[in-house]
Amino acid sequence: MHDKIQFFISKFKQNLLRDPAPCAYYLPRPYRSAMIRFRNCKPEDFEKRGEIIEQVGFNAFMFPAQQIPGCDLLSDSGTTTMTTEQWAALLLGDEAYGSNEGYFALREQIVRTFGSSWRQEDPLKENMFLFHQGRSAEHAFFGILWAELAEKQTPPEDHSLPDGLPPGLKARLEIGRAKTEQGYFIIPNNSHFDTTEGNVQNNCMIALNLPCKEHLQNNEEYPFRGNVDLEELELLLEHAGERIPLVYLTITNNTGGGQPVSMQNIKDVRALTRKYGIPFFFDACRFAENAWFIQKNESEYRDKSIQAIVHEMFEQVDGFHISFKKDGMVNIGGAVMIKEDGMFNQNFPGFAERLIDHQILTEGHPTYGGLAGRDLKSLAEGLRTVVRQHYLDYRIQQVIRFGRKLTDYGIPIVKPVGAHAVYIDMDRFFRGMSIRDDEFRGIAFTALLLVAGHRLCELGIYAFGKFKGGREIPPDPRVNFVRASVPRLNYEDRDLFSAAEAIRVLHEHKERIPAVDVVYGRDLNLRHFKSRFRFRD
Ligand SMILES: *Cc1c(COP(=O)(O)O)cnc(C)c1O
């Protein structure tokens with residue numbers, strides 16, 4: 001076994017014996033455990049995990065989950081612990097091929113959760129398009145959008161960027177264009193999620209990120225670092241409006257640190273898109289968590305219910321796509337929603353029909369869309385639960401407490417903490433050591449943390465960077481994070497704090513965290529899912 005692994009095993013062992021810091025709790029959890037699952041591995045099996053991490057080539061995705069005795073914080077996607085009400089709904093699932101019970105239950109719940117503008121009035125105008133997860137919804141959506149655009153308006157031969165854009169914005173459009181085939185049409189967003197960006201680019205469009213200034217300046221005091229830059233967005237709409245089929249906001253902004261978007265920003269984007277006649281969509285995966293931050297930090301919403309805030313948010317858009325694996329509180333599911341009388345339907349009248357054809361060809365009948373009837377029932381129940389005040393209070397404050405614990409231990413994290421995850425800043429973590437990007441120490445960090453018994457995800461230089469022409473191109477704007485995503489209703493604070501303790505051990509001995517060499521996959525697309533590494537001597 002590599003001596004660096006052995007060194008950290010001795011440190012983790014000492015750590016197991018340390019008294020955990022006492023912490024004060026004034027409120028019990030707003031739920032109680034109705035079912036539990038014993039782990040079948042032990043915290044003290046460090047040597048076993050040390051061997052496994054070497055066998056799987058230091059790739060955290062490949063580490064067997066059942067060998068993780070601590071926190072599995074690889075993703076909050078599909079990892080929710082469902083409530084007993086959801087399990088009960090599963091048992092009542094109706095597996096009819098067409099128009100099963102769950103489909104109607106879900107329709108009703110969608111209107112209750114997202115508001116009356118999502119009620120389908122005309123039976124011939126479908127507004128809900130089910131898929132088995134978020135990215136398959138995106139894949140269908142952007143594929144059809146590109147087909148519709150290409151039919152409506154042949155992009156001109158001359159693709160040069162329009163005048164009147166500031167040089168910074170032009171440069172970013174150029175970078176975006178280099179990543180796609182055609183690069184005439186542009187999809188602006190506060191920040192695209194990785195699969196959304198992939199689906200936009202695969203369909204010949206530029207995925208443009210326009211995070212607000214407070215985001216880029218790392219302003220820790222600003223509560224809405226997920227906002228889009230309105231000035232840049234307006235310049236773009238003014239000078240290149242004919243190239244923009246729709247404008248996006250991702251709520252919360254997962255790529256940028258999981259941070260929320262304010263209602264003001266949402267309404268300002270709405271106003272801009274009305275002024276220029278361009279449809280407006282959400283990537284809505286964490287809509288309820290975003291609403292909680294609006295309630296906490298925008299004074300006029302302090303006394304409004306989460307439900308009312310969500311309704312107001314979704315009045316602003318012409319449609320959205322969503323992964324129900326997040327705030328749907330289920331383990332699988334996704335959808336595209338298109339508002340019946342919204343601007344998108346007016347601009348693309350044939351779109352819904354094509355989307356239904358795509359569903360039938362790839363997912364199944366539109367009334368189940370790649371899901372079992374029982375999944376729809378538990379999803380309806382999940383959408384009811386997720387907007388409950390007590391659930392959200394506990395959920396988000398738990399993630400904030402985890403972030404605070406890390407801060408107490410001197411671990412540099414992105415602040416303010418967003419709803420679903422804590423992002424550890426690797427640039428600041430290794431500050432003081434002269435290290436290079438192509439040493440990928442974030443990968444070594446996640447590998448050694450697995451030896452301690454916890455799993456995090458590198459989302460930085462390796463995940464978002466590219467290896468082209470013999471050199472590393474870092475992500476733009478630069479992100480170098482390791483993300484700790486907290487699954488919903490899964491862990492108690494003490495579990496998260498034990499992960500924080502192990503992270504502290506790594507931080508105290510950061511100079512012993514080695515560089516890694518990439519053994520396989522450095523030049524591949526989406527390389528972090530597939531690569532293999534080894535510790536450099
Ligand atoms: C997870 C996620 C997606 C993709 O959804 P999947 O269900 O994982 O395919 C899209 N956008 C955002 C912001 C996400 O967090």
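This is a predicted model: local features need pLDDT of at least 70, side-chain atom pairs count only at pLDDT 80 or more; totals for chains, interfaces and linings use all residues.

I started with Asn254, where an N or O atom of the side chain is 3.1 Å from an oxygen atom of the ligand. I looked up Asp283 next: a side-chain N or O atom there is 2.8 Å from a nitrogen atom of the ligand. For Lys326, the side chain has an N or O atom 2.8 Å from an oxygen atom of the ligand. On its own the ligand has 380 Å² of accessible area, and the protein covers 99% of that. Those areas are Shrake-Rupley values with a 1.4 Å probe, and for residues only the protein chains shown count as cover.

Residues are numbered from 1 along each chain as its sequence is written, and side-chain values use heavy atoms, with hydrogens and water left out.

**The shell.** I asked how many residues surround the ligand. There are 16, and the closest are Gln133, Arg135, Asp283, Ser323 and Lys326; a residue gets in if one of its heavy atoms lies within 4 Å of the molecule. Which helix gives the most to the shell? I found that α5 does, with three residues. I also noted that α5 (134-152) and α7 (194-202) each supply at least two shell residues. Helices here are DSSP runs of H or I with at least four residues, strands are E runs of at least two, and both are numbered from the N terminus.

**Strand β7.** I went to β7 (residues 334-338) and found five of its five residues buried, with buried meaning under 20% relative accessible area, exposed over 50%, and partly exposed in between (1.4 Å probe, protein chains only). In a regular strand the side chains alternate between the two faces of the sheet. I see Gly334, Val336 and Ile338 pointing one way from β7, and Ala335 and Met337 the other way.

Which strands pair with β7? One is β1 (residues 128-131), antiparallel, joined to β7 by four bridges. There, Phe131 has Gly334 as its bridge partner. β6 (residues 319-323) is also antiparallel to β7, over five bridges, and Gly319 is partnered with Ile338. For two strands to pair, DSSP must find at least two bridges between them.

**Strand β12.** Why do I call β12 (residues 481-485) largely enclosed by the rest of the structure? Because five of its five residues are buried. I checked both faces: Phe481, Arg483 and Ser485 are on one side, Val482 and Ala484 on the other. β8 pairs with β12 in the antiparallel sense over five bridges, with Asp425 opposite Phe481. β9 (residues 457-459) is antiparallel to β12 too, joined by three bridges, and Cys457 stands opposite Arg483.

I found a cis peptide bond between Ile251 and Thr252, with omega about -15 degrees. Thr252 is in the loop between β4 (247-250) and α10 (263-276). Another cis bond joins Lys415 and Pro416, with omega about -10 degrees; Pro416 is in the loop between α16 (389-408) and β8 (421-425).

Then the positive phi values. Cys204 is not a glycine, yet its phi is about 65 degrees. Cys204 lies in the loop between α7 and β3 (206-209) and is buried, at 13% relative accessible area. Phe440 is not a glycine either, and its phi is about 45 degrees. I place Phe440 in the loop between α17 (426-429) and α18 (441-452), buried at 5% relative accessible area.

**Last look-up.** Is Ser75 buried or partly exposed? It counts as partly exposed, at 22% relative accessibility. Ser75 is in the loop between α2 (46-55) and α3 (84-91). Its C-alpha atom is 8.0 Å from that of Leu456, though the two residues are 381 apart along the chain.

How values were computed. A polar contact is a pair of N or O atoms within 3.5 Å; within protein, one must be able to donate a hydrogen and the other to accept it, and residues adjacent in sequence count only if both atoms are side-chain atoms.
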